[in-house]
Amino acid sequence: TSIKILVAFIFETALLASYQLDWGSALRTLFGLGSAAATGDVTSIALTSCLGIDLHLKMKFVFAAPFLSLLLPLPAICWAKWRSQDRLCGATLRSAYCSIVLIALWLLHPAVLGECVLVLETLRVGEREYVAADLSVETSDAAYATTRGLALVLLCTYVPLFPSCVFGALY
């Protein structure tokens, strides 16, 4: 199916890009586009700080993102149902819904992993310990305990289980 082809393409592109060979400009451009699509993180620390989003709120958004991706295809599905169509882009509505959710979860995965690692990395300054990504947050803060818990839940559930389910389904 097209999902298997897409997942295999993204996986193989990421794997090939990791080899330090001279691939030529066309393939480097392709690898760059694949990398941007698969690991693009619009939630960088600088951007979110300018918007007034702190580390704790950002982690809550990251925690909610996999659940919100389940709602992502609903406007297109509702539009198709409203127009009395049983297909969307040539696929059944159920298949289209599953494909869109799977792709969204796949694209979210690297960003979620990166955010979880950033939240858990700490730096000791003198006698105090801070979050390395945001030195205004001490690890002894009560708010950080919640943020750390959310990151650990994602690292123990979504991060290992989602790729396992995808590759298990492909096997």
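Visitor: Is Phe 63 buried, partly exposed or exposed?
Guide: This is a predicted model. In it, Phe 63 has 23% relative accessibility, so Phe 63 counts as partly exposed. Buried would need a value under 20%.

Visitor: What does Phe 63 form with Phe 67?
Guide: An aromatic pair, and a tilted one. The rings are 5.8 Å apart centre to centre, with 55° between the planes.

Visitor: Where do Phe 63 and Phe 67 sit in the helix?
Guide: Both are in helix α4. Because they are four residues apart, about one helical turn separates them.

Visitor: How many aromatic pairs are there by this rule?
Guide: The count is four. One of the pairs is Tyr 158 with Phe 162, which is stacked: 5.7 Å centre to centre and 25° between the planes. They too are about one helical turn apart, being four residues apart in helix α8.

Visitor: Are Tyr 158 and Phe 162 buried or exposed?
Guide: Tyr 158 is buried, at 10% relative accessible area. Phe 162 is buried as well, also at 10%.

Visitor: Which residues form the aromatic cluster?
Guide: Trp 106, Tyr 158, Phe 162 and Phe 167 make up one cluster.

Visitor: New topic. How many residues has the largest nonpolar core?
Guide: It has 21 residues. Met 59, Val 112, Leu 154 and Tyr 158 have the most contacts inside it.

Visitor: Which element gives the largest share of this core?
Guide: Helix α6 does, with six residues.

Visitor: And what is Leu 154 in contact with?
Guide: Leaving aside neighbours within four places in sequence, its contacts include Met 59, Phe 63, Val 112 and Pro 160.

Definitions and conventions:
Residues numbered from 1 in each chain as written. Predicted model: local features only at pLDDT ≥ 70, side-chain atom pairs only at ≥ 80, totals over all residues. Heavy atoms only, no water. Core = buried A, V, L, I, M, F, W, Y, C linked by side-chain atoms within 4.5 Å. Buried < 20%, exposed > 50% of the residue type's maximum accessible area, 1.4 Å probe, protein only. Helix = DSSP H or I, 4+ residues; strand = E, 2+ residues; numbered from the N terminus. Contact = heavy atoms within 4.5 Å. Phe/Tyr/Trp six-rings, centres within 6.5 Å; stacked < 30°, edge-to-face > 60°.
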